[in-house]
Amino acid sequence: MAEAGKTRFQINLRHFLRERDVDRNLTRVICEIADASKYIVNSIRTGDLGVAGTSNLYGEEQLALDVLSDRILRKRLAHSGVVANIVSEEQPEIVPLSPDCEGKFSVAYDPLDGSSLVDVNLAVGTIVSIYAGCDLLQPGCNQAAAMYILYGPRTTLVLSTGDGVHEFNMNQLMEYTLTRENIQVGASGSIYSPGGQRNKYTAGVRSFVEQLEARGSKLRYSGGFVPDINQVLMKGKGIFFYPHLNDTPEGKLRVLFELNPMAFLMEQAGGAASNGKSRILDMVPDNIDMRAPVFIGSKDEVALAERCIAEQG
Ligand code: AFP
């Protein structure tokens, strides 16, 4: 039930989590991240787009916004008092914040995914994966929660604590209020979002694309994982994929920071997420920068991708 006097869709994030009886410490983590996003969205709108002069684990030059967003999130998570360990796509290793794990949570995050798109004014996002306790190298099916914040024409926060997928919109007071509840993705769709260079696609992936187009699917690709996944979730259909390529069999996207949180959300919305052979959420990460191919969205289309890859590689 909404608070007395408030319609369902004016309910704010904290009240929503309390209404759903979400663990108090988990609520604290989620709300600290939501608060941090206010500073990140301001830095995007007004910040320096220059280069920070540093590089991350993958040797990618870090934009000032990458570094700033990472610092904002790390400070808020440390301040929360309920976070044991964190790991960021922009940092080379796990950062311990507290020695005890009991009742606490650990967080893996990509502070500003798609940051290279900011200087051409395309949408970017923060991606977050949350586990109970201290262990961040668990299969994604063990996540306590997953969320992303999309910095687009509107700033939206999409979240699941294992009880459906829900969207919140940042209002003029920079507070998140509920806009969509229990988002569902249908079994098949009409859009596909193909990552990677097509001339490096395997026979199986090429056949998959041909069959999608034969069904009438249209290409929609922004180059940002968060807006491209958000499009499938909010349209309630379609598929995103960043496949294994002839020269990079593991694909590009990272399991801990990108694939596990989005796979958790997509499955909670009734969709599916596969590495082309098996469920993303069953993969056991052996290191923090593990990558995997991904096919994520409407169930029937994920199954079609797996069949094409099984038959043609
Ligand atoms: P950056 O964070 O380096 O901009 O990369 C964004 C991303 O990791 C993900 O957001 C996109 O889905 C994917 O890369 C796009 O990769 P391509 O530019 O190779 O299509």
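**Domains and ligand**

Analyst: The C-alpha centres of domain 1 and domain 2 lie 22 Å apart. Domain 1 covers 13–180 and domain 2 covers 191–312, with bounds from an automatic or database domain assignment. Residues are numbered from 1 along each chain as its sequence is written. This is a predicted model, where local features need pLDDT of at least 70 and side-chain atom pairs count only at pLDDT 80 or more, while totals for chains, interfaces and linings use all residues; side-chain values use heavy atoms, with hydrogens and water left out.

User: How many residues of domain 1 are in contact with domain 2?
Analyst: 45 residues of domain 1 touch 30 residues of domain 2, contact being heavy atoms within 4.5 Å.

User: What about Lys252?
Analyst: A polar side-chain atom of Lys252 is 3.0 Å from a ligand oxygen. For the backbone, a polar atom of Gly114 is 3.0 Å from an oxygen atom of the ligand, and one of Phe225 is 2.9 Å from a ligand oxygen. A polar contact here is a pair of N or O atoms within 3.5 Å.

Notes
A polar contact is a pair of N or O atoms within 3.5 Å; within protein, one must be able to donate a hydrogen and the other to accept it, and residues adjacent in sequence count only if both atoms are side-chain atoms.
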